[in-house]
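Work through the exercises below with the sequence and the model in view. Try each task before you read its solution.

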Amino acid sequence: GNNALNFNTTGLGNIAMGDSALRCRMVGDNSIAIGGCAMYLSFSGNSNIGIGYKSLFHGVNDNNVGIGELTLGLLCNGSNNVAIGYYAQAAGDGNNDNIAIGTCSLFVGGGLGSVAIGTCALSINNENYNTAIGYYAMNKANAGECNTAIGANALQCNCAGGNVAIGVDSMQINRRGDYNVSIGKSAMELSVGGNNNTAIGS
């Protein structure tokens, strides 16, 4: 493509397909960029894959995979991430060892070792070791670590830590409560605080 690998100096084993793909690559090896402006400003970094328009646009670290438009688009500092889906991990930086699958999953924020699967799952995440599976699961969780949310809207507004919510709308508006377990549709749905509670059943 036009301007693909335009500035390459010492990089080895790189593949660029698409207009301005890997355009600013100077050093760094074994990366693949497919799509318009994919990995455009990635002047260094090794073993990255960016597939899709502006995927891994700024990527300069190692071992990242972005598949979809603007996946990992603003990631300048971070390694070992996987983002699949439109805008997955698009606006996050400083992320390491995260997996995001779904439109806008893990959209913004940093963090370590989190998993987001589903549309807008964990879309605002600034903490570590959170797992969100389901449509809008932990969607507004801008604080709190070591949480698990499985089900649409589970732990949607969570800002606390150590919670487990399984089921649609489970612990949906929890803001301050730590170390709670809720299993079932709408279990503890309206609980905003309180610690060390267990609720099982719809």
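The exercises go from the whole chain to single residues.

The model is predicted: local features need pLDDT of at least 70, side-chain atom pairs count only at pLDDT 80 or more, and totals for chains, interfaces and linings use all residues. Residues are numbered from 1 along each chain as its sequence is written, and side-chain values use heavy atoms, with hydrogens and water left out.

**Exercise 1. The chain as a whole**

Task: State how many helices and strands the protein chain has, and describe its box and its surface.

Solution: 
- Step 1. Helices (H or I, at least four residues) and strands (E, at least two) are DSSP runs, numbered from the N terminus.
- Step 2. On this basis the protein chain has 14 strands and zero helices.
- Step 3. Along the principal axes, the C-alpha atoms fill a box of roughly 60 × 20 × 20 Å.
- Step 4. The protein chain exposes about 8100 Å², and carbon and sulfur atoms supply 59% of this area. Accessible areas come from the Shrake-Rupley method with a 1.4 Å probe; for residues, only the protein chains shown count as cover.
- Step 5. Buried means under 20% relative accessible area, exposed over 50%, and partly exposed in between (1.4 Å probe, protein chains only). Of the 202 residues, 49% count as buried.
- Step 6. Contact means heavy atoms within 4.5 Å. Among contacts between residues at least 6 apart in sequence, 0% join residues at least 24 apart.

**Exercise 2. The sheet**

Task: Give the strand order of the open sheet and find its edge strands.

Solution: 
- Step 1. Two strands pair if DSSP finds at least two bridges between them.
- Step 2. Twelve strands form the open sheet, with parallel pairing, in the order S1-S2-S3-S4-S5-S7-S9-S10-S11-S12-S13-S14.
- Step 3. Strand S1 (15-17) and strand S14 (198-200) are the edge strands, each pairing on one side only.
- Step 4. From one strand to the next, the twist averages 5°. Axes are lines fitted to C-alpha atoms, for helices over the stretch in contact, and angles run from 0 to 180 degrees between N-to-C directions.
- Step 5. Val-115 has Thr-131 in S10 as its bridge partner.

**Exercise 3. Two serines**

Task: Is Ser-182 buried or exposed? Is Ser-42 buried or exposed?

Solution: 
- Step 1. Locate Ser-182: this residue lies in strand S13 (residues 181-183).
- Step 2. Ser-182 counts as buried because its relative accessibility is 0%.
- Step 3. Apart from neighbours within four places in sequence, Ser-182 is in contact with residues including Val-164, Ile-166, Met-188 and Ala-199.
- Step 4. A polar contact is a pair of N or O atoms within 3.5 Å; within protein, one must be able to donate a hydrogen and the other to accept it, and residues adjacent in sequence count only if both atoms are side-chain atoms. The side chains of Ser-182 and Ser-170 make such a contact (2.5 Å).
- Step 5. Locate Ser-42: this residue is in the loop between strand S2 (32-34) and strand S3 (49-51).
- Step 6. Ser-42 has 0% relative accessibility and therefore counts as buried.
- Step 7. A polar atom of the Ser-42 side chain lies 3.1 Å from the backbone oxygen of Ser-44. Not counting residues up to four places away in sequence, Ser-42 touches Leu-22, Cys-24, Arg-25, Phe-57, Gly-59 and Val-60.

**Exercise 4. Positive phi**

Task: What are the phi values of Asn-153 and Asp-169, and where do Asn-153 and Asp-169 lie?

Solution: 
- Step 1. Most residues other than glycine have a negative phi.
- Step 2. Asn-153 has a positive phi near 65° and lies in the loop between strand S11 (148-150) and strand S12 (164-166). With a relative accessible area of 17%, Asn-153 is buried.
- Step 3. Asp-169 is not a glycine either, and has a positive phi of about 65°. Asp-169 lies in the loop between S12 and S13 and counts as buried at 13% relative accessibility.

**Exercise 5. A residue before S1**

Task: Is Thr-10 buried or exposed, and what does Thr-10 contact?

Solution: 
- Step 1. Thr-10 is in the segment before S1.
- Step 2. Thr-10 is exposed because its relative accessible area is 51%.
- Step 3. Leaving aside neighbours within four places in sequence, Thr-10 is in contact with Met-26, Val-27 and Asp-29.
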